[in-house]
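User: I am new to this structure. Please show it to me, and then let us go through it in short questions.

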4 protein chains.
Amino acid sequence: MSTSQPEDDRHRPLRYAYLGPAGTFTEAALRQVASPDEAVYLPQVDVASAIDAVREGVADHAVVAIESTVEGGVTATLDSLAAGTPLVLLREVLVPVQFTLAAAPGVALGDVRRISAHPHAWVQCRRWLAHHLPGVVHVPATSNTAPAALLAEAAAQGATADLGFDAALVPPPAVDTYGLTPLAHEVADNVSAVTRFVVVGHPGQIPPPTGADKTTLVVHLPDNEAGALLAMLEQFATRGVNLSRIESRPIGDALGRYSFSIDAEGHVTDERVGEALMGLHRRCPYVRFLGSYPRADAVRPTVHVGTSDTDFVAARAWLDEVRTGRTS
Amino acid sequence: MSTSQPEDDRHRPLRYAYLGPAGTFTEAALRQVASPDEAVYLPQVDVASAIDAVREGVADHAVVAIESTVEGGVTATLDSLAAGTPLVLLREVLVPVQFTLAAAPGVALGDVRRISAHPHAWVQCRRWLAHHLPGVVHVPATSNTAPAALLAEAAAQGATADLGFDAALVPPPAVDTYGLTPLAHEVADNVSAVTRFVVVGHPGQIPPPTGADKTTLVVHLPDNEAGALLAMLEQFATRGVNLSRIESRPIGDALGRYSFSIDAEGHVTDERVGEALMGLHRRCPYVRFLGSYPRADAVRPTVHVGTSDTDFVAARAWLDEVRTGRTS
Amino acid sequence: MSTSQPEDDRHRPLRYAYLGPAGTFTEAALRQVASPDEAVYLPQVDVASAIDAVREGVADHAVVAIESTVEGGVTATLDSLAAGTPLVLLREVLVPVQFTLAAAPGVALGDVRRISAHPHAWVQCRRWLAHHLPGVVHVPATSNTAPAALLAEAAAQGATADLGFDAALVPPPAVDTYGLTPLAHEVADNVSAVTRFVVVGHPGQIPPPTGADKTTLVVHLPDNEAGALLAMLEQFATRGVNLSRIESRPIGDALGRYSFSIDAEGHVTDERVGEALMGLHRRCPYVRFLGSYPRADAVRPTVHVGTSDTDFVAARAWLDEVRTGRTS
Amino acid sequence: MSTSQPEDDRHRPLRYAYLGPAGTFTEAALRQVASPDEAVYLPQVDVASAIDAVREGVADHAVVAIESTVEGGVTATLDSLAAGTPLVLLREVLVPVQFTLAAAPGVALGDVRRISAHPHAWVQCRRWLAHHLPGVVHVPATSNTAPAALLAEAAAQGATADLGFDAALVPPPAVDTYGLTPLAHEVADNVSAVTRFVVVGHPGQIPPPTGADKTTLVVHLPDNEAGALLAMLEQFATRGVNLSRIESRPIGDALGRYSFSIDAEGHVTDERVGEALMGLHRRCPYVRFLGSYPRADAVRPTVHVGTSDTDFVAARAWLDEVRTGRTS
């Protein structure tokens, strides 16, 4: 993680707020960012609390989910970032949406009749289960880690009482955290399903461009006409900036007013991205910059003819000559 | 309600599936559509069940929330309509998001210290409560009608036991349904907050144009370029069709693929709307028509120069003459 | 030439008006259309007269230049077609802008010191002449064929008097017409320079589509804003119709009002072209169809995804189903 | 005339090349720029020579016609400016296209049977003549001033010989220049017809912005697709710059390649105009700046929301803050 920390805290390990408890998918994302050995993990009860922990100085960074292939944009994250003290995204991390089927020690796959799982998890594994464990019954859980905690607690007490289920679908990190026995790995119907997590920090910490970057924005439109959305998109198209994500959310004060959450290809220090942002600032009632950071997939943007930094610099030099009458 | 029912069921009252139980905001919407005296109310456990009740023939129509000023598009409704057996929207109904503060008989406003409310309801009334009942405590409820049911049950049993709360924030219809005593009406922080509900039915029942109509669509883009969204919006703009709502949702198979939920001004039988729909059908991989129906606000669309039905008919007549060499 | 003639004149040879006299480039174009053996050649004093000859029934067709690589659109032709009794273009013919250096019998290339040529011809051959006949002198002529006629006249009279020039740059057909001796063929500085000629006729004679066609239009814009031109171009772009030529001409009543002369790829019977034309008819104050005819270069248009006739037919069928409630 | 001249020539009167001879409409334009008392008038045989006189240092400025309501862009002027040593337009002047009917002393309007006039002049006065002098005969002249010169010459010689005409349609300044007797003023069919003239000079002399300025450009498109023209126009539209004139001319090397001559509202020192020009420079293969100068009609541009210089400066300040992490 290339982001810096305050001068005087140089030797203090970085503190990461995240959606806890231990064992969640968010923790899996956090582990890609900083190992528990070198950082302080601060589990929070919800996304807004994790983000606010950064605003309040309790944490240096927050790691939160921002988009999933199944659910789309994570409303709580988008809304927390769109208002309040400005924060920026410093990095993105992709985590596959794959579960581990786990149980107490001694239980074999063939013994499993009842599986505890959060309803979302169950839905995402239904076809896998129908194929590998036909006839198995769903026992709803209140979170992805709740059944893991129950299994761990029971084991700790040496309890033999029936928990009402034989195994559970849990995020992979929960297996170690709760001392469970894995029965099957990478359980998922859609093997390409992923959740995108982001590392949130203060604006002073924009990571330098890598050549394969992404810039995230929140933009409100001047009115609710199709023309306003077209005009906003033209601000990007005219400078050759592609968008990799665009989502609308109601602004909340009246039906028909929308806020757009946008990922643009490129870094805020790219000339074409900078000019597009200035265009938005001029024409839209509200623009918030939410960071420029390396793309997790490391895909470099297609740079269209006439939109490289060199082209912008040459155009400005030419304009200067034209304005001073040195050429036409 | 102008929609028809099958010939042989002419004298049977229409059956409406909706998100129950009795007393919800959805019921308030349903009451605007058909009174309980002339229709059969079929409360369902969730939105998907209400919509499926129509697909399965158990209900003639479903009444479901589709958009709120606070939350935006209702995911469950949009997703249920976007796939599966085609259904269409027949009518929209706006319901203000305002609560009634209600209690058991004999409780006065001054006695209220603890209020049971669904967390969403609490959030939407926080400023009102801080002003009118400073220091009051929130007791979370699992739904908007749950505390009403508890109050009714206790009253029925003549119970004097403490329910853990003194009053509840409930949807206005719950007051009568559960025999409660209203302490305050129209409790809300944002008096213009509304939820938009729709009446869902079978495709054969498109309501005739009124001159102030709306057409709802689901459209997938050919790829994830800004250019594709621009091109899709141009299909509307070229024919002078304004959009009153556009929301994106992930398609769910990979990050970066989106489905757009769109409300266009006008009726599918309008020439300009028809040509725009044909344009979408030609260029987009997936288009689903979700109905044309009167706007609740009765606002007529701005018809731009050259985009009235008369203009389209004249243009076609001219083209016919040109093609047959009768003019140029 | 595939165009038809009136029923009762079936056995009469077609009459072609063209810019005369004999021996011009226009005659070279006409020869590609119909040989003098099978058609009546009616030379005219100018382009407007040739076009009016068709309007007045004196000729069946006119052959006139419409565009050159050097001069651009031929104003006289464009203006004559843009107003007055409607006529259409039936065919286009390309003629290379190459001259023959010709003289009276007995003159050799080495004898040539003074060359008669129309100033336009001289300009287009200057580099060739500087290379092959350095030091040669230009004797201006009033037309391309005038020096040829002088040479022929002198020869007919057996005159030996000095005409003031030794040779002339003439259009290739003038060599035979005036009985000259060619000294050099294909004289031209820019070997790819061509003039585009068109065959003009009555609207009832639109040639059938060949798959590599062109449609010519005259369009006035609603006002002089950049937005109006953008909106006009969008009428083509939305339907996937490319333009191969666009030229503006003042309308003539005030500065800043323009008429656009346009060549669109495709035939008026193509669905995408027809819908674009209807769009222009609806939004622009004036549209004149000037014909659909085979491209001289036989290049077939790029048909973008979703813009083939099949796509249009399928879209209309789908819309019909949607409107009648048979699907959504 | 606010343009400057070289330091060392400060006291030398400015020299103006223009399309002569004396008495032309161009001279009428030149008189609006500088009186013959304070400037040197250098009549030239054609427009190209007038422009080249500036390039060669023979003249300080050239005054040439650039556009007429009747003929459109003046090809010779546009082509001379589009290539060769860069020059810029410093000022524009409008001259009404109105003629004076003039004769030798002693001739009365009632005596006029035959009128000498350049064919263009005749065409532009036909209806006036039909109304005021029915039955009058046209005697073609080779230029607007030629018949004036003939009348003056005859008068100087005391000649009584018939010139073949009784009166002539001449530009107003020719009456004094040639000592003629005016019979009718402001002869014209279209009283709003004007010709636009420009003062041409060296690039170092750009006039300062007045708030009602025009910027003239020559732009080549990257290819001949409709898309390329649309993309070029978007460079202006995205920055809120309106176009008051756009004309296409063939580039001359092949059919289908065009150069666009454009007048944009605003001055090159305006932020929005500068950014649009940089956009053209980046995306188009060729852009030539032909000057920013006050509009003759003094009409100020419509400045769209978010496109004033203040908006641009604020947007750049915001971008700087975003890039340095001082805000988002």
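**Where chains B and C meet**

Analyst: Let us begin with the interface: 36 residues of chain B are in contact with 35 residues of chain C. Contact needs C-beta atoms, placed from the backbone, within 7 Å. This is a predicted model, where local features need pLDDT of at least 70, side-chain atom pairs need 80 or more, and totals for chains, interfaces and linings use all residues. Residues are numbered from 1 along each chain as written, with chains lettered from A and ligands numbered from 1 in written order.

User: Which element supplies the largest share of the side of chain B that touches chain C?

Analyst: Helices (DSSP H or I, at least four residues) and strands (E, at least two) are numbered from the N terminus. α7 (226-237), α8 (271-283), β15 (286-294) and α9 (309-323) of chain B each supply at least two residues. The largest share, eight residues, comes from α9(B).

User: Which residue of β11(C) is the bridge partner of R91(C)?

Analyst: Strands pair if DSSP finds at least two bridges between them. Eight bridges join β5(C) to β11 (residues 194-201) of chain C, and the two run antiparallel. In β11(C), the partner of R91(C) is V199(C).

Conventions:
Two residues are in contact if their C-beta atoms, placed from the backbone, lie within 7 Å.
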